[in-house]
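Q: Please give me a close look at one part of this protein, residue by residue. Then set that part in its surroundings.

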Amino acid sequence: MVTIMDNSGPDDGVQTRRRQGVNVWAARADAELLALLCMAVYRSCADGKPITRTAQFSGPALVLDDPKYVVDGIELTHLFFTFQVSARGSDY
């Protein structure tokens, strides 16, 4: 499971700069791979339509959930990473 949150940032009407936070939950053997895959996908999004840049990745860091997330009897590992994204504004 992956969730994405927009932690906001400046917006001048032409360019927005946002800090994104991404939570990843998966079986222990798959969690880091899934987080790194998500990071790679975000890095590839900077095509100018509308994302112009992704930068300053941090993590993935282990999050110790209490209580643990368990799905179908499998305890999920929780990782978190952040990055910045810049996007051009839309034309009116």
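A: Take Q56: its relative accessibility is 49%, which makes it partly exposed. Q56 belongs to strand 3. Strands are DSSP runs of E with at least two residues; helices are runs of H or I with at least four; both are numbered from the N terminus.

A word on the source. This is a predicted model, in which local features need pLDDT of at least 70 and side-chain atom pairs count only at pLDDT 80 or more, while totals for chains, interfaces and linings use all residues. Residues are numbered from 1 along each chain as its sequence is written, and side-chain values use heavy atoms, with hydrogens and water left out.

The backbone of Q56 stands out. Its phi is positive, about 55°, although Q56 is not a glycine. Most residues other than glycine have a negative phi, and most peptide bonds are trans. Strand 3 spans residues 51-63. P60 is also in strand 3. The peptide bond from G59 to P60 is cis, with omega near 10°.

Now look across to T82. T82 sits in strand 5, residues 74-88. T82 is buried, at 11% relative accessibility. Contact means heavy atoms within 4.5 Å. Beyond its neighbours within four places in sequence, T82 contacts Q56, F57 and S58, and also R19, Q20 and G21. Two polar contacts involve its side chain. One reaches the side chain of S58 at 2.5 Å. The other joins T82 to the side chain of R19 at 3.3 Å. A polar contact is a pair of N or O atoms within 3.5 Å; within protein, one must be able to donate a hydrogen and the other to accept it, and residues adjacent in sequence count only if both atoms are side-chain atoms.

T77 is another residue of strand 5. T77 is buried too, with a relative accessible area of 13%. Leaving out residues up to four places away in sequence, T77 touches V24, W25, A26, A27, R28, A31 and L62. L64 is in the loop between strand 3 and strand 4 (70-71). L64 is exposed, at a relative accessible area of 67%.

That loop also holds P67. A cis peptide bond joins D66 to P67, with omega about 10°. Further on, D72 occupies the loop between strand 4 and strand 5. D72 is not a glycine, yet its phi is positive, about 50°. D72 is exposed, with a relative accessible area of 77%.

The buried residues of helix 1 are A31, A35, C38, M39 and Y42. They cover an arc of only 100° around the axis, which puts them on the same side of helix 1. The arc is that of the directions from the helix axis to the C-beta atoms. An α-helix has 3.6 residues a turn, so residues three or four places apart point the same way. The buried residues of helix 1 pack against strand 3 and strand 5, and also against strand 1 (2-6) and strand 2 (15-27). The face turned away from the buried side carries the exposed residues A29, L33 and L37. Helix 1 runs over residues 28-43, 16 residues in all, and should span 22 Å; its end C-alpha atoms are 24 Å apart, which agrees. The expected span is 1.5 Å times one less than the number of residues.

Step back to the whole protein. From the N terminus the order is β-β-α-β-β-β. The C-alpha trace spans about 50 × 25 × 20 Å along its principal axes. Of the 92 residues, 30% are buried. Among contacts between residues at least 6 apart in sequence, 58% join residues at least 24 apart.

Last, confidence. pLDDT is the predictor's confidence in each residue, from 0 to 100. The mean for the protein is 87, and 90% of its residues reach 70 or more. Among the elements, helix 1 has the highest mean pLDDT (94) and strand 2 the lowest (89). Where pLDDT is low, the predicted coordinates should not be read in detail.

Methods. Buried < 20%, exposed > 50% of the residue type's maximum accessible area, 1.4 Å probe, protein only.
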